[in-house]
Each structure stands twice: as C-alpha cells, then as structure tokens.
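Here is a quick tour for anyone meeting this structure for the first time.

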Amino acid sequence: MLFRNLLILSLLLFFSKNVAFSQLQIDWINLADVTFTEKKTEDGFITYNEATFGESLQQLDSQMVTITGYIIPMDPMGITYVLSRNPNATCFFCGGAGPETVLQLNPKVAGVRRYQTDTKMTFKGRLKMNKKDIDSLTFELEEAEEM
C-alpha cells in the first residue's frame, strides 16, 4: 500500500511539473488568423491598425508557446529585438510582409543580450496579443527565453 501511494504521488508530481512548464509549439501560420482595421487616435493625428484576432488565435492568448524565426534588431544599438517569420531583407519592416509576421521579444531576464541579425532561433514565452497599443507590435512574447 505504501509503495502504491508513493508511486501515485511520484507520477502526480512528474506530470504536474511537466504540464506546468510545457509550451505549445506554434508556427507563423498560427499567427495569420488576424485582420486589421485602420483607425485614428482620439486626437486624429496618428493612424494605426487595430487587430481583430480569430477564434483559433484567441485561444493562444497568454499561453506559454515556443516559436522559431529570424532575429531582427529594433534599434541601432541592438538592445531590443523582434522575431520574424522572414529574414531581414523580406521582413515586415523592409520587405512588405504583414504585421502578423513579427513578434516583439520581451526578455525574461533583464540586461542586454546581443544577437546577430538573421540568426534563426527558437524562443519560448507567454504570447500576448496587442489589439491597439500603438507603441507595441501586434504580438509580443513576454518572459522570452531562447531555447
């Protein structure tokens, strides 16, 4: 009886640990279920695209995920980065791809980590969907960590 109880307890701890720390592996096609409507700020000076997320995408909001893409710096100092479906030459900012093809990386650990542009990497973190904050990208990866 004691052995059986210890075995059950061990299995429960094993599975609860793995479930708590597991992430969903997503691909860029998962992020494509979004449409955009052009809007203006209240003062009318700035135009932005308000996102409407599809049902399948809404289920991923705030979930722990992993995704692979290309590193692209957001500033000349190389302090902030995005993960892109495409390399720099064909990314959202340079090559005309849509805003659903980039993901803002918000690192879990404070401090500067330098990355080489166009390095293909996998990150894990909590997916956050941004409907209309004009200071952030449509998708953010909170607590982002490289795998």
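Is arginine 113 buried, partly exposed or exposed? Arginine 113 counts as partly exposed, because its relative accessibility is 42%. Keep in mind as you go that this is a predicted model.

**The charged pairs**

Side chains of opposite charge can pair when their charged atoms come close. In this structure you'll find 4 salt bridges.

| Pair | N to O distance |
|---|---|
| Arginine 113 and glutamate 146 | 3.3 Å |
| Lysine 128 and glutamate 140 | 3.7 Å |
| Lysine 124 and glutamate 145 | 3.9 Å |

Let's start with arginine 113, which forms a salt bridge with glutamate 146. This pair links distant parts of the chain, 33 residues apart: arginine 113 sits in the loop between strand E6 (102-107) and E7, while glutamate 146 belongs to strand E8. Glutamate 146 is partly exposed too, with a relative accessible area of 35%.

Next up is the salt bridge between glutamate 145 and lysine 124. Glutamate 145 is in strand E8 and lysine 124 is in strand E7, so this pair ties together parts that lie 21 residues apart in sequence. Glutamate 145 is partly exposed at 27% relative accessible area, and lysine 124 also counts as partly exposed, at 23%.

Lysine 128 is in strand E7 and glutamate 140 in strand E8, so the two tie together parts 12 residues apart in sequence. How do they sit relative to the surface? Lysine 128 is partly exposed, with a relative accessible area of 37%. Glutamate 140 counts as buried, because its relative accessibility is 4% and the cut-off for buried is under 20%.

There is a network to spot as well: salt bridges with shared partners join Lys108, Lys124 and Glu145 together.

**A nonpolar patch**

Which residues make the nonpolar surface patch of about 330 Å²? Phe45, Ile46 and Ile134 do. You can find isoleucine 134 in the loop between strand E7 (120-129) and strand E8 (139-146). Isoleucine 134 is partly exposed, with a relative accessible area of 41%.

Terms used:
Residues are numbered from 1 along each chain as its sequence is written. This is a predicted model: local features need pLDDT of at least 70, side-chain atom pairs count only at pLDDT 80 or more; totals for chains, interfaces and linings use all residues. Side-chain values use heavy atoms; hydrogens and water are left out. Patches are made of residues with over 30% relative accessible area and no salt bridge: like charges are joined within 9 Å, nonpolar side chains (Val, Leu, Ile, Met, Phe, Trp, Tyr) within 5 Å. Accessible areas come from the Shrake-Rupley method with a 1.4 Å probe; for residues, only the protein chains shown count as cover. A salt bridge is a side-chain nitrogen of Lys or Arg within 4 Å of a carboxyl oxygen of Asp or Glu. Helices (H or I, at least four residues) and strands (E, at least two) are DSSP runs, numbered from the N terminus. Buried means under 20% relative accessible area, exposed over 50%, partly exposed in between (1.4 Å probe, protein chains only).
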